[in-house]
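Please study the sequence and the model shown below before reading on. The paragraphs that follow lead from a pocket to the domains, then to a sheet and a cavity.

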Amino acid sequence: MKYPDLDRLVPDYVKHFEAYIPSKPDDVLKRLFGCRYLYRLNNNENPLGPPPVAQSIIKRFPPHSASIYPSGDAYHLRYKLADRFGLNPEQFLVGNGANEVITFVIKAFCQEGDNIITADGTFAVYEWVAEFSGFEARLVPLKNFGFDDEGMLSHIDERTKILFVCNPNNPTGSYWSEDKLRNFLDKINGRQIVVVDEAYFEFVEKEDYPDSIKLLSEYPNLVVFRTFSKMYGLAGLRIGYLVGSLDVVNIIRRTCVVYSVNVLAQEAAFAAIDDQEHIFKTREMVKKGKDFLVKELDLLRLQYVNGEGNFIMIKLPMSDSLAYRKLMSKGIMVRTMTGFRFPNWIRVTIDKLEVMEAFIEALSKVLNTARIENQKKL
Ligand SMILES: *Cc1c(COP(=O)(O)O)cnc(C)c1O
């Protein structure tokens, strides 16, 4: 059989795109780095797991149900969300993680020659989906570690379709206040779609932080993302959603893959949203972990950015990929930030206090050996 003519078959924008290689499974990593345990501080997961009600749904899941297709459009979950937020169930689209709803929005609004705008130091999936679909991603540099509203506005042209704002931003934790977001939306004045990704919404307790869903009635070009992966501890089941005005969501629905959200994810998410107690407990854990970390990082004289969300960004006096490998051999997995355009920085998920202690102990050792090696070189 003849080998496919990939040069002709593959679009240029796919040829030029480099595949993202996810980290290997824990068992493989443990063998590779020779560690007995592994603390995963790389993905902003919730170490408390899903809320207890969701845990019991998962435990009691009837195996036979696995043979039945789920609700194709997460019917019950959408009705519950609608009730919770006082909206129409048709204003919600549930996806296989918030990651999937990113693709729905870009497919719905972009065609050849169009562009999207976001920041350079943010969650990279907006940029990736745009680029491997053949659309330009205009990346506006962060300003003081936050999204630069004026900079984003100045990059808009007649082919700009969507602006993505990550609020609070992963990885810096900076956020736009309600005033700032309103001002931005006022200036856009309906000419583009504005997506506000609120993956860490439930972690933020700041008074001036906007609840964007409440702004939908005033700004029908606004689309809000939420996920069950972070606060609700359901990252492994892959479920998130978008919510917007009826007209906009009715368009996005056309590009949405039905049946992509499995039945267990739908049921666990349905149960999880009622558990306010779980949110309080998680916030408490994050607060304790951050207080401890900040104190220790000051002692180590390291620069860090401690914003909203269950993570913190730390600048190291060494390459982030080297630090990653050294920390891995001590059983700690962090996220290197070179890929987020922050060379020599790492992002660390906030975990229980004992895990944060283990992280600081490992980090101190790594920094000490690096210091000694540097001195030898001199
Ligand atoms: C984790 C994350 C998501 C994606 O979450 P899913 O697991 O796909 O629901 C989206 N945006 C940001 C900023 C995130 O950090």
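In what follows, Ala, Val, Leu, Ile, Met, Phe, Trp, Tyr, Cys and Pro count as nonpolar, while Asp, Glu, Lys and Arg count as charged; the others, Gly among them, count as polar. The structure is a predicted model.

With these classes in hand, one may turn to the largest pocket, which holds about 1,500 Å³ of space. It is lined by 50 residues, and the closest to its centre are Tyr-20, Pro-22, Asn-43, Trp-128 and Arg-335. Two or more lining residues are given by each of helix H3 (26–33), helix H6 (98–109), helix H7 (125–132), helix H13 (320–328) and strand E12 (335–336). H7 supplies the largest share, with 6 residues. By class, the lining of the largest pocket comprises 23 nonpolar, 14 polar and 13 charged residues.

How does this pocket relate to the domains? The domain assignment of the protein gives domain 1 (6–49 + 276–377) and domain 2 (52–272). The C-alpha centres of domain 1 and domain 2 lie 25 Å apart. The contact between them takes 29 residues from domain 1 and 33 residues from domain 2. Each of the two domains also contributes at least three residues to the lining of the largest pocket.

The next subject is a sheet. Strands of a sheet pair through backbone hydrogen bonds, in either a parallel or an antiparallel manner. Here, 7 strands form an open sheet with mixed pairing, in the order E2-E8-E7-E6-E5-E3-E4. Strand E2 (92–95) and strand E4 (136–140) are the edge strands, each pairing on one side only. On average, neighbouring strands of this sheet are turned by 20° against each other, direction ignored.

Finally, how many cavities of 30 Å³ or more are counted? The count comes to 1. The largest cavity has a volume of about 30 Å³. Its lining consists of Gly-146, Phe-147, Cys-166, Asn-167, Asn-169, Ser-174, Tyr-175 and Trp-176. By class, 4 of these residues are nonpolar and 4 are polar, with no charged residues.

Conventions: Residues are numbered from 1 along each chain as its sequence is written. This is a predicted model: local features need pLDDT of at least 70, side-chain atom pairs count only at pLDDT 80 or more; totals for chains, interfaces and linings use all residues. Side-chain values use heavy atoms; hydrogens and water are left out. On a 1 Å grid over the protein atoms alone, a cavity is a set of points where a 1.4 Å probe fits but cannot get out, and a pocket is an open set with protein on both sides within 12 Å along at least five of seven lines; lining residues have an atom within 4 Å of a point. Grid points are joined across faces, edges and corners, and a volume is the space filled by probe spheres set on the points. Helices (H or I, at least four residues) and strands (E, at least two) are DSSP runs, numbered from the N terminus. Domain bounds come from an automatic or database domain assignment. Two strands pair if DSSP finds at least two bridges between them. Axes are lines fitted to C-alpha atoms, for helices over the stretch in contact, and angles run from 0 to 180 degrees between N-to-C directions. Contact means heavy atoms within 4.5 Å.
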